[in-house]
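Have a look at it before reading on.

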Amino acid sequence: NTTSALGVIKPEFTLNDVMYGDPENNQKITPGVAGDAAMPAGEAWQGDFPQLDLIASERNLASRERDSMMARERRLKTALRGVAEEYDIVLIDCPPSLGLLTVNALTACTHALLVSEPRVSSVEGLSEMVTTIAEVQENLNDDIEVVGVVVNKKRKGRVDQETWIRRMIDDFDDLVLDPYLPDREVFAKAQAAALPLKAFGAASQPLRDDLQRLAHQVWKGSEE
């Protein structure tokens with residue numbers, strides 16, 4: 001997951017602790033408590049990204065999907081109050097599901113960036129996500145906007161993938177961002193080694209260029 005990929009091992013205070021709330025105060029969320037959990041990324045990331053912080057996750061975070069307290073959809077937003085303003089960008093990495101954790105993220109954010117592989121289950125999941133976002137807009141966060149759709153793990157010569165990409169373009173038009181991210185081994189190596197792509201030199205340069213172009217488009221779209 002993102003925590004291990006950014007070189008953080010055995011964090012003491014995690015997002016699960018933040019979302020659980022204060023055990024001495026009926027599990028209420030203290031506004032801004034997420035700031036207490038923010039920590040620097042691993043040493044390998046500090047050279048190029050000296051101000052890259054994260055709130056670490058852990059497996060027990062999945063248990064928060066079963067929380068039943070009042071205003072449970074707004075707990076992350078409360079925890080981030082006053083903290084998000086200290087950063088240029090705050091990215092909330094969501095699980096590949098439409099449960100309570102994802103709804104918390106959508107309630108707390110201003111923009112949603114959707115990612116899909118060009119295959120049937122992933123593309124169909126996009127439609128379900130858009131439906132969820134519409135419900136969140138109506139009931140919890142009317143500021144949220146979809147800023148784009150990223151096509152991930154594209155392989156050359158796959159006719160079936162081209163079919164699903166055309167389906168995404170039919171459904172989302174110019175929200176589908178170009179370039180499409182290729183399925184590259186170097187990304188898996190970087191994630192496993194908890195290193196930035198730059199550490200793999202020329203082998204990672206095409207993928208880094210693609211990611212840079214996508215980042216510019218997302219940033220531009222978020223300002224419109």
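Which residue forms a salt bridge with Glu117, the closest N and O atoms being 3.8 Å apart? That residue is Lys153. A salt bridge here means a side-chain nitrogen of Lys or Arg within 4 Å of a carboxyl oxygen of Asp or Glu.

## Ground rules

This is a predicted model, so local features need pLDDT of at least 70 and side-chain atom pairs count only at pLDDT 80 or more, while totals for chains, interfaces and linings use all residues. Residues are numbered from 1 along each chain as its sequence is written, and side-chain values use heavy atoms, with hydrogens and water left out.

## Overall layout

The chain has 9 helices and 4 strands. These are DSSP runs numbered from the N terminus, with helices (H or I) of at least four residues and strands (E) of at least two. Read from the N terminus, the order is α-α-α-β-β-α-α-β-α-β-α-α-α.

As for dimensions, the C-alpha atoms fill a box of roughly 60 × 40 × 30 Å along the principal axes.

## Surface and contacts

Buried residues make up 35% of the 224 residues. The classes go by relative accessible area: buried is under 20%, exposed is over 50%, and partly exposed is in between (1.4 Å probe, protein chains only). The chain exposes about 13800 Å², with carbon and sulfur atoms supplying 50% of it. Those areas come from the Shrake-Rupley method with a 1.4 Å probe, and for residues only the protein chains shown count as cover. Among contacts (heavy atoms within 4.5 Å) with a separation of 6 or more, 70% are between residues 24 or more positions apart.

Ile89, Leu91 and Trp219 make a nonpolar surface patch of about 370 Å². Patch members need over 30% relative accessible area and no salt bridge; like charges are joined within 9 Å, and nonpolar side chains (Val, Leu, Ile, Met, Phe, Trp, Tyr) within 5 Å. Ile89 sits in the loop between helix H4 (75-79) and helix H5 (100-108).

## Helix H5 and the paired strands

H5 is largely enclosed by the rest of the structure, because 8 of its 9 residues are buried. Leu100, Val103 and Leu106 are among them. The buried residues of H5 pack against H2, H4, strand E3 (111-116) and helix H6 (120-139).

E3 in turn pairs with E4 in the parallel sense over 6 bridges; strands count as paired if DSSP finds at least two bridges between them. One of these links has Ser116 bridged to Val151 in E4. With 5 of its 7 residues buried, E4 is also largely enclosed by the rest of the structure.

## Salt bridges

The salt-bridge count comes to 9. Back to the opening pair: Lys153 and Glu117 meet at 3.8 Å. Lys153 lies in the loop between strand E4 (145-151) and helix H7 (159-172), and Glu117 in the loop between E3 and H6, so the pair ties together parts that are 36 residues apart in sequence. Lys153 is partly exposed at 37% relative accessible area, and Glu117 is partly exposed at 22%.

Glu117 also meets the side chain of Arg119 in a salt bridge (2.9 Å, N to O), and Arg119 is partly exposed at 41%. Elsewhere, Lys154 bridges to Glu162 with the closest N and O atoms 3.0 Å apart; Lys154 is buried at 15%, whereas Glu162 is partly exposed at 34%. Through shared partners, salt bridges join Glu117, Arg119 and Lys153 into one network.

## Two buried loop residues

Thr14 belongs to the loop between helix H1 (2-5) and helix H2 (15-20) and is buried, with a relative accessible area of 2%. Residues up to four places away in sequence aside, Thr14 touches Ile55, Ala56, Ser57 and Glu58.

Leu177 lies in the loop between H7 and helix H8 (185-193) and counts as buried at 6% relative accessibility. Leaving out neighbours within four places in sequence, the contacts of Leu177 include Leu113, Val149 and Leu214. Leu177 and Arg213 are 36 residues apart in sequence, with their C-alpha atoms 9.5 Å apart in space.
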